[in-house]
Amino acid sequence: MKGGERKGVVRYLWLAAGAVSFGLGTAGTLLPTVPFYMVTLFCLARGSERFHRKFLNSSLYRKTVGAYEKDKSLTLRAKTAILLSVSAVMGTGAYFSRHILPAVAVIAVVWTAHVIALVCIVKTKKTGRGYPAE
């Protein structure tokens, strides 16, 4: 395979990975959305500048990753939604892995890290009156 052909194959692999990640992120009722959209962005940036720009301008991106990227903060509603979805996914994983102690320990550590990040690290957006935005 020549250099140009290899580059084309790699490009299509990035696009395929981006499409899979986008699909998983869009199924946000079952999985946390933001990490998959971040992977989508990474893959599309390497696979196609046109798809990369299109995704950056999409409402899906602006409502999830873009909202955080702009102000480095999330609304209380967004934080709550993320925490509830992560807790549901990890709780389900812990339930089905309850007999595998190392798996439950990893899930507990990752869940705790999410809680710490959302409560202590990520700022909460405030409205003009000083109350958390809903």
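Mentor: A pocket is an open set of grid points with protein on both sides within 12 Å along at least five of seven lines, and its lining residues have an atom within 4 Å of a point. The model before us is predicted.

Trainee: Which residues line the second largest pocket?

Mentor: The lining consists of L15, G18, A19, F22, T40, L44, F51, K54 and F55. The elements giving two or more residues to that lining are α1 (3-26), α2 and α3 (49-56). Helix α1 provides the largest share, 4 residues. The volume of the second largest pocket is about 170 Å³.

Trainee: What makes up the lining of the second largest pocket by class?

Mentor: There are 6 nonpolar, 2 polar and 1 charged residues.

Trainee: Why is M38 called partly exposed?

Mentor: The relative accessible area of M38 is 41%. Buried requires under 20% and exposed over 50%, so M38, at 41%, belongs to the class in between. M38 is located in helix α2. Between the C-alpha atoms of M38 and V65 the distance is 7.4 Å, although the two are 27 residues apart in sequence.

Trainee: Why does S97 count as buried?

Mentor: Its relative accessibility is 16%. S97 sits in the loop between α6 (76-96) and α7 (101-121). Beyond its neighbours within four places in sequence, S97 contacts A103, V104 and I107.

Trainee: Which residues form the largest nonpolar core?

Mentor: That core has 7 residues: L15, Y37, L41, L44, F55, Y61 and V65. Helix α2 (residues 33-47) gives the most, with 3 residues.

Trainee: How do you know that L15 and L44 touch?

Mentor: Contact means heavy atoms within 4.5 Å, and L15 is in contact with L44, G47, S48 and F51, with residues up to four places away in sequence not counted.

Trainee: What is the secondary structure of the protein chain, and how much of the chain is buried?

Mentor: The chain has 7 helices and 2 strands, in the order α-α-α-α-α-β-α-α-β along the sequence. Of its 134 residues, 21% count as buried. The accessible surface is about 9,200 Å², and 68% of that surface belongs to carbon and sulfur atoms. Among contacts between residues at least 6 apart in sequence, 55% join residues at least 24 apart.

Methods
Residues numbered from 1 in each chain as written. Predicted model: local features only at pLDDT ≥ 70, side-chain atom pairs only at ≥ 80, totals over all residues. Heavy atoms only, no water. Core = buried A, V, L, I, M, F, W, Y, C linked by side-chain atoms within 4.5 Å. Buried < 20%, exposed > 50% of the residue type's maximum accessible area, 1.4 Å probe, protein only. Areas by Shrake-Rupley, 256 points an atom, 1.4 Å probe, with all protein chains shown as cover. 1 Å grid on protein atoms, 1.4 Å probe; cavity = no way out; pocket = protein on both sides within 12 Å on 5 of 7 lines; lining within 4 Å. Points joined across faces, edges and corners; volume = space filled by probe spheres on them. Nonpolar A, V, L, I, M, F, W, Y, C, P; charged D, E, K, R; others polar.
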